[in-house]
Amino acid sequence: MFMRVEKIMNSNFKTVNWNTTVFDAVKIMNENHLYGLVVKDDNGNDVGLLSERSIIKRFIPRNKKPDEVPIRLVMRKPIPKVKSDYDVKDVAAYLSENGLERCAVVDDSGRVVGIVTLTDLSRYLSRASITDILLSHRTKDYQHLCPKCGVGVLEPVYNEKGEIKVFRCSNPACDYEE
């Protein structure tokens, strides 16, 4: 049975500017009982998603104070998204194949109109379907594509203490670091 993802998405989401610190973003998430935020650049474009997972994987290993790090260095980018008319089962496959817990739902113009999560999907899909998604999701590690070349993946570079010093593009032809 075909079910459009717009029927199960959460349209009650919050946005935050990419210069917001991790501290302030977490405060917004806590105050609003959210596990993720849509991130916008200075021009108001949707550019990424910030989630608890992003904070754990990309902020904690930096060993920095949360009020020192802007979320543009932690968010998932480019923004994972599906169109609002996608079938729920196709969205489940997209999340599974990409090791995601959530993605943005966009309208025909590309504007974010909602967020869909594994929890939203679990309310709709059969037990077998959601188990398959969760199991495959837990075995994959997500990657951030290089915003400069779009080909390489940002990989951590560690200092002698084992802390992340910078993230560097894996593409030998690209010199991007953040």
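**Pocket lining, sheet and confidence**

User: How do the residues of the lining of the largest pocket divide into nonpolar, polar and charged?
Analyst: In this predicted model, side-chain atom pairs count only at pLDDT 80 or more and local features need pLDDT of at least 70, while totals for chains, interfaces and linings use all residues. Numbering starts from 1 along each chain as its sequence is written, and side-chain values use heavy atoms, with hydrogens and water left out. With Ala, Val, Leu, Ile, Met, Phe, Trp, Tyr, Cys and Pro counted as nonpolar, Asp, Glu, Lys and Arg as charged, and the others, Gly among them, as polar, the lining divides into nine nonpolar, six polar and five charged residues.

User: Which residues lie nearest the centre of the largest pocket?
Analyst: A pocket is an open set of points on a 1 Å grid over the protein atoms alone, where a 1.4 Å probe fits, with protein on both sides within 12 Å along at least five of seven lines, and lining residues have an atom within 4 Å of a point. The largest pocket is lined by 20 residues, and those nearest its centre are Tyr35, Gly36, Arg102, Thr117 and Thr119.

User: Which element supplies the largest share of the lining of the largest pocket?
Analyst: Helices (H or I, at least four residues) and strands (E, at least two) are DSSP runs numbered from the N terminus. At least two lining residues each come from strand 2, strand 6 (112-117), helix 4 (118-124) and helix 5. The largest share, four residues, comes from helix 4.

User: What is the bridge partner of Asn17 in strand 2?
Analyst: Strand 1 and strand 2 (residues 36-40) run parallel and are joined by three bridges. In strand 2, the residue bridged to Asn17 is Lys40.

User: Which element of the protein chain has the lowest mean pLDDT?
Analyst: For pLDDT, the predictor's confidence in each residue from 0 to 100, the chain averages 85, and 89% of the residues score at least 70. Where pLDDT is low, the predicted coordinates should not be read in detail. Strand 1 has the highest mean among the elements, 96, whereas the lowest, 54, belongs to helix 5 (residues 127-138).

Conventions:
Two strands pair if DSSP finds at least two bridges between them.
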